[in-house]
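Me: I've got a new model open and a few quick questions. Can you walk me through it?

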Amino acid sequence: MPAEDDFVAAIEASRKSSEDGSVVIYNLTKDLDFSDPRRVANALASVFFGRDAVNWFKVDGDHIEFVPKYKVKILLAEEHSKLLSETVDDFLADLKKNEINQKFARQIKDVSANEERVQRAIGLSAISSFLNKPFQRKDDKVEIEDQLFTEMLGFLEIRTPNDTDLIDWENLPI
C-alpha cells in the first residue's frame, strides 16, 4: 500500500494550470491507487487546500473574504465507481472538517464569539431579522465553516473525463 507521501506526490504531479490561469486541473485518472479511498481523500484535501483553496480566501484580522481567481476541476476515472464515491465524500468531509477548520480556526472562533456578543446585545429576534440569517443552530462555528465550504464548492468541480458530476449534492457534509 502506498505511503501518504506517495499519494501527495502523485496528486501534486497531476496538477496543471490552464494557460490563462483561469482553471487548475487535477487529472487523477491514472497513476493513483484508489484501493484506500480514505487515504486518497486525505491527501487530496491537503494538496487541494494547501495549493489552491487557501488562495481563494483573504484574511484580514477576524474577517475572511472569499476572492477566488480561478476554478479547480478534479478528474477521476470512472472504473473505480464505488471507490470514487467514497473518495469524493471523504474528500469533501476532510476539506470542511480538517482543512477549513484548521486554517481559519481563530477567525471562525472570533466571528462566532462576535456574533454571540451581538446577539446578547441586540436580542435574538432583532439580529436575526437584521442579518436575515437563522440563529437556531446551536453552533455558529459550524455555520461559518459551512458557509466557507459552500463558497468553495462554487469554484470546485469533481468530475469524470466524460463530464459526470461526482459531487453528491444531496448529501454534502453540511
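This is a predicted model: local features need pLDDT of at least 70, side-chain atom pairs count only at pLDDT 80 or more; totals for chains, interfaces and linings use all residues.

Me: Which helix is Phe149 in?

Reply: Phe149 is in helix H6, residues 140-153.

Me: Is Phe149 buried or exposed?

Reply: Phe149 counts as buried, because its relative accessibility is 0%. Its C-alpha atom is 9.8 Å from that of Leu172, which is 23 residues away along the chain.

Me: Switching to the sheet. What is the strand order?

Reply: The order is S1-S2-S5-S6. These 4 strands make an open sheet with mixed pairing.

Me: Which strands stand at the edges?

Reply: S1 and S6 do. Each has a single partner strand, so one side of each has no neighbour in the sheet. On average, neighbouring strands are turned by 20° against each other, direction ignored.

Me: What packs on the sheet?

Reply: H2 does, and it touches S1, S2, S5 and S6. The direction of H2 makes about 165° with that of S2.

Me: Take me through the pairs. How do S1 and S2 run?

Reply: S1 and S2 run antiparallel, joined by 3 bridges. Ser17 stands opposite Val24 in S2. The hairpin of S1 and S2 has 5 residues between the strands, and Gly21 there takes a positive phi near 75°.

Me: And how many bridges join S2 to S5?

Reply: There are 6 bridges, and S2 and S5 run parallel. Val24 stands opposite Val72 in S5.

Me: What about S5 with S6: parallel or antiparallel?

Reply: S5, residues 71-76, pairs with S6 in the parallel sense over 4 bridges. Across that pair, Lys73 stands opposite Glu157 in S6.

Me: Back to S2. Which of its side chains are buried?

Reply: Val24, Tyr26 and Leu28 are buried and point to one face.

Me: OK, helix H1 next. Which residues are buried there?

Reply: Phe7, Ile11 and Ser14 are buried in H1, residues 4-14. Seen down the axis of H1, the buried residues fall within an arc of 60°, so they line one face of the helix. Asp5 and Ala13 are exposed on the other side.

Me: Why would that spacing put residues on one face?

Reply: An α-helix has 3.6 residues a turn, so residues three or four places apart point the same way.

Me: What covers the buried residues of H1?

Reply: The cover includes strand S1 (15-17), strand S2 (23-28) and helix H2 (37-51).

Me: Which residues is Asp94 in contact with?

Reply: Arg38, Ala41, Asn42, Ala45 and Glu99, leaving aside neighbours within four places in sequence.

Me: How many salt bridges does the count come to?

Reply: The count comes to 8. One of the bridges joins the side chains of Asp36 and Arg39, at 4.0 Å, N to O. Asp36 is buried, with a relative accessible area of 18%.

Me: Which residues are linked in a network?

Reply: Lys73, Glu157, Arg159 and Asp163 are linked by salt bridges. Arg159 meets Glu157 at 3.1 Å, N to O. Arg159 also meets Asp163, at 3.6 Å, N to O.

Me: Last one. What is phi of Asp163?

Reply: Phi of Asp163 is near 75°, a positive value in a residue other than glycine. Most residues other than glycine have a negative phi. Asp163 sits in the segment after strand S6 (156-159).

Technical notes. Residues are numbered from 1 along each chain as its sequence is written. Side-chain values use heavy atoms; hydrogens and water are left out. Buried means under 20% relative accessible area, exposed over 50%, partly exposed in between (1.4 Å probe, protein chains only). Helices (H or I, at least four residues) and strands (E, at least two) are DSSP runs, numbered from the N terminus. The arc is that of the directions from the helix axis to the C-beta atoms. Contact means heavy atoms within 4.5 Å. Two strands pair if DSSP finds at least two bridges between them. Axes are lines fitted to C-alpha atoms, for helices over the stretch in contact, and angles run from 0 to 180 degrees between N-to-C directions.
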